[in-house]
Amino acid sequence: MKRRFSLTQLLAISVLFIVGIQLLLVFGAFFLYYKPTLQKNIQQMVLQGVTSSAENYQLRWGDEIVHSLKETAGADISDNVQRVFRQAIETHREVSGFLVYRAQTNVHAAAEHSESSDAHLVSVARVVREDVPARLPFEKQMTGLSDISKPIHVSEGDYVFVGNPILQNGEVVAYLVYIADVRVFAETGKRMSKGLGGILLLFILFQVICIIWLGKRLSKPLRMLVSCAVDIAGGNLSKEVEIGKGGTAEIASLGAAIQGIAQALQKQVALVKSLTIEASGVSRSIAMAMSQLAVSASQQAAAVSQTATTVEQMEISGKTVAEAAKRIVSAAKKSALASERGREAVQLSNSIITQIKSDSANIFAHSRALLSQLEEVGAIISSVNSVADQSKILAVNASIEAAKAGTFGAGFAVVAQEVQELAGQSQEATEQITRTLTSIRRSVGAMVKLAQDGEDRTAYGVTSIANTGAIVNDLSEAIQEASIVANEIDAAADQQSTGLSQIAAAMDEINLSANENQSISVDMEGSTMELTEALEALAVQVGTWTIREQEYNETA
């Protein structure tokens with residue numbers, strides 16, 4: 001928000017602006033015209049003052065200086081005069097010193113020219129301050145001064161030299177030069193300028209203070225009106241507008257207008273407060289009713305949704321049952337065919353197992369015969385084995401006898417040796433055959449046992465297959481009956497699935513309507529709650545305005 005100045009501040013700023021312009025004009029005039037004139041006047045005043053002071057010192061101390069020169073034969077002045085000079089220097093700041101000259105006349109020139117003076121000045125005394133230079137250029141001018149009967153006025157640096165002749169009987173006897181410090185007078189001028197400037201600033205400050213006081217006094221009623229307006233804007237409509245004393249007619253009219261606005265606002269606020277309370281009560285009732293309606297709609301929607309879900313599940317279950325019934329019918333047909341094939345397989349198995357039983361009996365008989373033959377072979381091999389043993393013994397005996405015969409029995413010994421070897425080989429072969437026959441005997445024995453066991457199991461299998469055939473016949477009859485029942489279930493499941501589909505479609509429409517009703521109820525409940533909150537917020541906002549109880553009661 002842009003900052004605005006108060007009336008007092010505006011008046012102060014305006015006055016400061018005017019005063020600033022005045023200051024510019026005054027200081028401009030001062031520096032452009034008055035200051036140069038003042039400086040010139042001050043210089044004239046300083047010169048007049050220095051001249052006057054020099055004349056006073058010449059009149060006061062002239063006779064004493066002449067008397068002192070006579071006493072010292074013109075060589076110096078007395079201590080009394082010097083003490084007087086020093087006292088004047090110490091007493092007055094503008095006094096920088098004194099120069100005393102003695103007039104010396106040229107006698108020859110005076111005799112020849114009685115009417116003219118050829119006198120010059122000789123310095124006899126110099127009493128000055130410590131800060132004055134030891135030798136001033138002015139002092140050289142004094143020794144060469146052509147006419148010593150006239151006063152002189154010379155400005156040199158920070159000093160002014162004023163000289164006056166001291167006469168006795170109409171003749172110049174001495175010359176007194178008064179040295180004044182111009183800086184003292186300049187400081188005095190500066191102090192005067194500062195004093196004038198200070199007075200001017202004090203006058204301007206006095207003007208500013210007076211105008212600020214006047215602005216505050218004039219703006220006081222406006223500030224009171226602003227305070228009342230701020231209170232009214234803050235909600236205090238019962239505030240009485242007061243402007244105090246010293247207000248103008250316009251301010252009084254403005255206060256009356258603000259008071260009228262406050263009274264009109266009180267009536268409007270009282271009316272709005274009453275209507276807000278009534279509307280808030282009605283809105284709460286509607287909100288409660290809509291809340292109950294929304295709860296009922298929500299419960300109804302939930303029940304409908306649950307029913308629709310149940311119907312959908314039933315529809316799915318019906319379809320599943322129908323499909324299962326169809327599968328049962330198909331399975332029953334397949335089972336009937338399978339039972340028929342099973343019956344044929346049982347019959348075939350029965351004939352095969354009977355043939356196997358017969359074959360097993362034949363195998364058992366042949367195996368027993370083979371086992372008997374193997375026993376006979378074993379006996380033969382035992383005989384061969386014993387023959388081989390005997391041949392071996394005979395060969396040993398023959399070898400012994402051949403050895404006894406010596407050379408004549410050598411051929412027989414060879415034959416005996418071969419017979420012995422052949423007997424050994426026969427014995428080894430018979431042993432190997434024996435081992436083989438033993439193994440064959442064991443295998444044949446095991447085969448005989450297996451053949452006997454197979455015959456027994458085959459007999460049991462024949463009995464089992466006969467029982468299985470009876471069971472398969474019973475199962476075939478049951479499957480045929482189940483196939484008939486499955487066809488009936490399939491027809492009923494189709495009808496049930498169609499009915500459940502129609503119920504599910506109807507429940508979907510009911511569920512959609514219930515959801516729409518619930519959504520509408522929720523929206524209405526939300527709108528009603530928003531209206532209630534808005535009315536309550538309005539009531540709170542209106543409650544911040546302070547009005548007279550009388551206005552509220554009249555409106556109610």
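What pLDDT does the chain average, and what share of the residues score at least 70? The average is 75, and 83% of the residues reach at least 70, where pLDDT is the predictor's confidence in each residue, from 0 to 100. This is a predicted model, so to speak of local features a pLDDT of at least 70 is needed, side-chain atom pairs count only at pLDDT 80 or more, and totals for chains, interfaces and linings use all residues. Residues are numbered from 1 along each chain as its sequence is written, and side-chain values use heavy atoms, with hydrogens and water left out.

**Confidence along the chain**
- Helix H2 (residues 79-91) has the highest confidence, with a mean of 87, while helix H3 (residues 107-112) has the lowest, with a mean of 41.
- Residues 107-117 have a pLDDT below 50, and this stretch makes two contacts in the model beyond near neighbours in sequence; a contact means heavy atoms within 4.5 Å.

**Overall layout**
- You will find eight helices and five strands in the chain; these are DSSP runs numbered from the N terminus, with helices (H or I) of at least four residues and strands (E) of at least two.
- Along the sequence, the pattern reads α-α-β-α-β-α-β-β-β-α-α-α-α.
- The chain has 556 residues, and 28% of them count as buried; that label means under 20% relative accessible area, with exposed over 50% and partly exposed in between (1.4 Å probe, protein chains only).
- Among contacts in the chain with a separation of 6 or more, 72% come from residues 24 or more positions apart.

**Aromatic pairs**
- The whole structure holds seven aromatic pairs; rings of Phe, Tyr and Trp (its six-membered ring) pair if their centres lie within 6.5 Å, and planes under 30 degrees apart count as stacked, over 60 as edge-to-face and the rest as tilted.
- Tyr-57 and Trp-61 make a stacked pair, at 4.8 Å centre to centre with 15 degrees between the planes.
- Both of these residues, Tyr-57 and Trp-61, belong to helix H1 (residues 7-71), where they are four residues apart, about one turn of the helix, and both are buried.
- Phe-98 and Tyr-178 make a tilted pair, at 5.7 Å centre to centre with 40 degrees between the planes.
- This second pair links distant parts of the chain, 80 residues apart: Phe-98 is in strand S1 (residues 95-105) and Tyr-178 in strand S5 (residues 171-181).
- Phe-98 is buried at a relative accessible area of 0%, and Tyr-178 is buried too, at 2%.
- Ring pairs join Tyr-57, Trp-61, Phe-85, Phe-98 and Tyr-178 in a cluster.

**Two buried polar residues to look at**
- Thr-51 lies in helix H1 and counts as buried because its relative accessibility is 16%.
- The side chains of Thr-51 and His-153 are joined by a polar contact of 3.2 Å, meaning a pair of N or O atoms within 3.5 Å; within protein, one must be able to donate a hydrogen and the other to accept it, and residues adjacent in sequence count only if both atoms are side-chain atoms.
- Not counting residues up to four places away in sequence, Thr-51 touches His-153 and Val-162.
- Asn-164 sits in strand S4 (residues 159-168) and is buried, at a relative accessible area of 7%.
- Apart from neighbours within four places in sequence, Asn-164 contacts Ala-54, Glu-55, Gln-58, Pro-151, Ala-174, Tyr-175 and Leu-176.
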